[in-house]
Amino acid sequence: MSSLLLPPGIEIYERGWLSANNIFHFGDGDVSIVDTGYYAHSKMTVDIVTNALKKNGLSSLNKIINTHLHSDHCGGNAALQEHFGCEIYVPAAEALAVQDWNADLLSYENLGQDCPQFSHHGILIPGQEILLGRYLWQILAAPGHDPHSVILYQAEHGILISADALWEEGFGVIFPELWGEPGFEEVAQTLDLIEALPVSLVIPGHGRPFTDLAKSIETARSRLDYLASSPDRNSRHGAKVLLKYKLLEWQKIEMQAAHRWITDTPALQHAAKQLHMGMDEFAQWLPQALVKSGAAKLEGAYLMNHEPTY
Ligand SMILES: [Zn+2]
């Protein structure tokens, strides 16, 4: 359905939940991709890009744009950079972190994830515009899920690339609140910003594109109310999403190894503290909570991924 609504030169490759969607922009002078998926799937990402280029009679990719630097949005950067020699643009507030590959500023260690190192060539400054393919896109700040995330808006066609700030049914985990930084108010403000834009099509970071913005904003607001009314609830939800995400990568893991990963992951240590649980108690609770919600199952000494995805 989305291809019918898309103007020429824009193509979406909807990925599984582990990788953010890839959004292609084809123009005479520029070929760009927004977000590059998770590192464990970077070979697949190179193939997807190669095929998309071939289909359009092209062989080179000029630039990568990252809406934010979570590993499911920029995990394919290094592989694409190596393969195509393309430039990489990151949100301005992340430039120094990328330049120094500063583990304290980047999210990977904190969230217990991996992302191969890459270098950036340009920055995305909220309030400015950037040419992607044949259209100019406005760069807008969208803090909440991630304090430095940007979203992209194409005014003539009313298209919003919403990253994890707005999905058809919600938004990405409000991570900052897990470690005591503000996020709820930022999500509310980002939803207000999005609602004020004339939008006919939203291309989210995960899931299919959608057209009913009002309905999604309403869903997101009630979700925000639910989470913000209890920071414990937000922490439990965030912790479950982090383990589920890791399980999507592992598919199957010895429970002992899962416990070790939980215990060693700083964001989860913060979540445990927020929930007034000791780390051992928390590491026992979290896999059970995922099993209870149907997003994982136990098989002997193993924790297994289980669909429907969380
Ligand atoms: Zn994200």
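Start with α11, and show what lies over its buried residues: the cover includes α6 (108-111), α9, α10 and α12. The model is a predicted one.

Now select the buried residues of α11 themselves, which are A267, L268, A271 and A272. Look down the helix axis: these residues sit on the same side of α11, because they cover an arc of only 140° around that axis.

Step just past the end of α11 to H276. Its phi is positive, about 55°.

Next, select residues 279-292, which form helix α12. The helix has 14 residues and reaches 20 Å from its first C-alpha to its last, close to the 20 Å expected at 1.5 Å a residue.

Which residues of α12 are buried? Colour F282, A283, L286, P287, A289 and L290 to see them. Viewed down the axis of α12, the buried residues fall within an arc of 155°, so they line one face of the helix.

Turn to the face of α12 that points away from its buried side. There you find the exposed residues D280 and K292.

Go back to the buried residues of α12 and display what covers them. The cover includes the helices α9 (231-250), α10 (255-264) and α11 (266-274). It also includes the strands β13 (296-299) and β14 (302-305).

For the last stop, select G294, which follows α12. The phi of G294 is positive, near 90°.

Terms used
Residues numbered from 1 in each chain as written. Predicted model: local features only at pLDDT ≥ 70, side-chain atom pairs only at ≥ 80, totals over all residues. Heavy atoms only, no water. Helix = DSSP H or I, 4+ residues; strand = E, 2+ residues; numbered from the N terminus. Expected span 1.5 Å × (residues − 1). Buried < 20%, exposed > 50% of the residue type's maximum accessible area, 1.4 Å probe, protein only. Arc of directions from axis to C-beta. Contact = heavy atoms within 4.5 Å.
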